[in-house]
Every structure is written in structure tokens, then in C-alpha cells.
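Reader: I am new to this structure and would like to be taken through it. Could we begin with the overall make-up and then turn to the details?

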Amino acid sequence: MLRRAQTGDYAAFEELVSRMQQRVYGVAYRILGQSHDAEDVVQQTFLSLIEHIDSFRGESAVATWVLRIATNFALKILRKKRGLPTVAMEENDESISTVPHPHYIAQWREAPESLVERAELRELLDQAISELDSKYRVVFVLRDIEGMSTEETASALGLSISNVKIRLLRARMQLRERLTRELGDAATQVIPDHSHEAL
Amino acid sequence: MTCEELLLALNEVIDDQSALAIYHDFADHLVGCNPCQLVVDNIRKTIHLYKAGEPYPMPAGFQERFKDALRAKWKAKFPHAMT
């Protein structure tokens, strides 16, 4: 499809847009939390794709390439809003020793399959992910929601693989804690003994 | 197993259950540790919920503006390709 688009076939390009635009919007919305900004990312991403369509050489999947462009635009908007000068993810070394340990440990009251049908769940998930620091949020979005590999995520964000792993773990642990406090069954709560502080 | 090793093993096992075959200490620990089993289960369910969520609907009014912008850009890039 992209090969056809590269020859000037607009119908092929439209098909690519149609297949990818919802994913791009979802990634941008989750990173930025606002529909207006997410729209900007969608538009900038596909305009940029037209501009640079000849440069795609097929080293990665098309979807990965598109999501990488979208993520960079989203990060650019995020940094601009915070008055920060650069667009790169800061590559300061993340330490596993600072990953938060679990505090509230309990079984969930319902299975995820029934929870997804609840209208109020979306609000809880949005709130929880918005509370993550953006450097952890973006890794969680690409890795766990969009299903990129650790290597693809590291490449898209300009991070080392070990940093991606630690940031992902931090995001997972924080989201687990938040959701379990809301969805956990207090009657099943367990208090880890000293040896379990590690987890 | 140190705290750090446990946490790193946790991440790998969440991604791939078969990693338990590599992280023997973690696998042994998990068998007898209800809190750790629950943490693994909680994280798996957390990821499941985020992956299973309905896509965010794109605002209806945006689509037309978006398509117009794409067409204009395409025409500039491939002036002879569009009829």
C-alpha cells in the first residue's frame, strides 16, 4: 500500500490514512490528554508522511514508522507546553531501586472482561494514566497499549533498552497500585511480610 | 534474589509467562507467595483493561478539515497524480 502511495497513488495513501488515523489519534490522546492537541498530531503526522514518503525504506513496519512520527509530534507539543526547549526524551539513567513497591495488594472484585463494559471505567483509566509522569506514560502507551516491542519503543523514543524496561515497570507498578485501590476487593487484601517488600 | 532482580524478573514474566523457565528463583518464589501472585495478576489485568478499551472517537468536525489538508499537500507533492 505504501509502495503504491510512493508512486503517487492517492487512493493507496488514503487507505493507509484510514487504517492508521484512529491509532495515531489514540496514541496522541493518551499522551496529551486533549482532543485538540491529538487532532494536531494526527494532521501533522500524515502531512509529514506525505513530505517524507520517499524516505521510507521498509526497515521497520509501516505502523511503527507512523507511530514513531506521531509520538515525536506529541512529545514536541508536550515540551512546548511546558516551555522546554528540546523534543528528545531525556535519557537520564533510570534506577530500578527507585521503582515503587506495591502497597495495596488484593484480588480485583471483577474480571477485566466484565469491567470493560462499565461506562465509568474509561474515566478511571484516563485519570490513572494522566497521573503518570509523561516519560513513563509514553513508554506504557507504545509498549503495552500499542504492542510495540521493547526495541521498537527504545528506537522511537531514543532511549536505551534498559531505560525502556525500567520506565515500563514504573508505569505498570503505578497503574497497578491506582487501579487495585479502586477495583480491589478489600476482603482479600494481603499485607506482605518483610521479605515481600522487594515486590 | 535481590529486590532489583525480583523487579526485573517481574517485568519479564508479565511480558512472557515462559520467562519463568529462565527466572528459576522467581518461579520458586511465586509458587509459595500469594502477594506476589496477586501483583503479577493485578498488572496483567491492568494491561488487559488498557488494551481492551474502546478507541477514542475522532471528533466528526475534524475529518473534513483533515482530508482537505491532506489533499492539498498531496497535490503539491505529486502535482500530476491527482485528477
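Predicted model: local features only at pLDDT ≥ 70, side-chain atom pairs only at ≥ 80, totals over all residues.

Reader: In what order do the elements of chain A run from the N terminus on?

Author: The order is α-α-α-α-α-α-α-α-α.

Reader: What box do the C-alpha atoms of chain A fill?

Author: Taken along the principal axes, the box is roughly 65 × 40 × 30 Å. Of the 199 residues in chain A, 41% are buried.

Reader: And what share of the contacts in chain A join residues at least 24 apart?

Author: The share is 71%, counted among contacts between residues at least 6 apart in sequence.

Reader: What is the mean pLDDT of chain A?

Author: The mean is 88, and 91% of the residues of chain A reach 70 or more.

Reader: Let us turn to packing. At what angle do the axes of helix 7 and helix 8 of chain A cross?

Author: The axes of helix 7 (residues 134-145) and helix 8 (residues 150-157) of chain A cross at roughly 135° and come within 9 Å. Helix 7 of chain A is therefore oblique to helix 8 of chain A. The crossing of these two helices of chain A is right-handed.

Reader: Which residues meet there, in helix 7 and helix 8 of chain A?

Author: From helix 7 of chain A come Val138(A), Val139(A), Leu142(A) and Arg143(A), and they meet Thr150(A), Thr153(A), Ala156(A) and Leu157(A) of helix 8 of chain A. By class, this contact of helix 7 with helix 8 of chain A has five nonpolar, two polar and one charged residues.

Reader: How does helix 4 of chain A pack with helix 7 of chain A, and at what angle?

Author: Helix 4 (residues 62-81) of chain A packs with helix 7 of chain A at about 160°, and their axes are 12 Å apart.

Reader: A change of topic: where is Tyr10(A) placed?

Author: Tyr10(A) lies in helix 2 (residues 10-32) of chain A.

Reader: Why does Tyr10(A) count as partly exposed?

Author: Tyr10(A) has 19 other C-beta atoms within 10 Å, whereas a buried residue needs 20 or more and an exposed one has 12 or fewer.

Reader: How far is Tyr10(A) from Lys135(A)?

Author: Their C-alpha atoms are separated by 36 Å, and the two residues are 125 residues apart along the chain.

Reader: Finally, how many residues of chain B are in contact with chain A?

Author: There are 39 from chain B, in contact with 44 residues of chain A. Helix 3 of chain B gives the largest share of the side of chain B that touches chain A, 15 residues. That side of chain B divides into 28 nonpolar, six polar and five charged residues.

Note on methods
Residues numbered from 1 in each chain as written. Chains lettered and ligands numbered in written order. Axes fitted to C-alpha atoms, helices over the stretch in contact; angles between N-to-C directions. Helix = DSSP H or I, 4+ residues; strand = E, 2+ residues; numbered from the N terminus. Parallel < 35°, antiparallel > 145°, perpendicular 65-115°, else oblique. Left-handed = near helix turned anticlockwise from the far one by under 90°. Contact = placed C-beta atoms within 7 Å. Nonpolar A, V, L, I, M, F, W, Y, C, P; charged D, E, K, R; others polar. pLDDT = per-residue confidence, 0-100.
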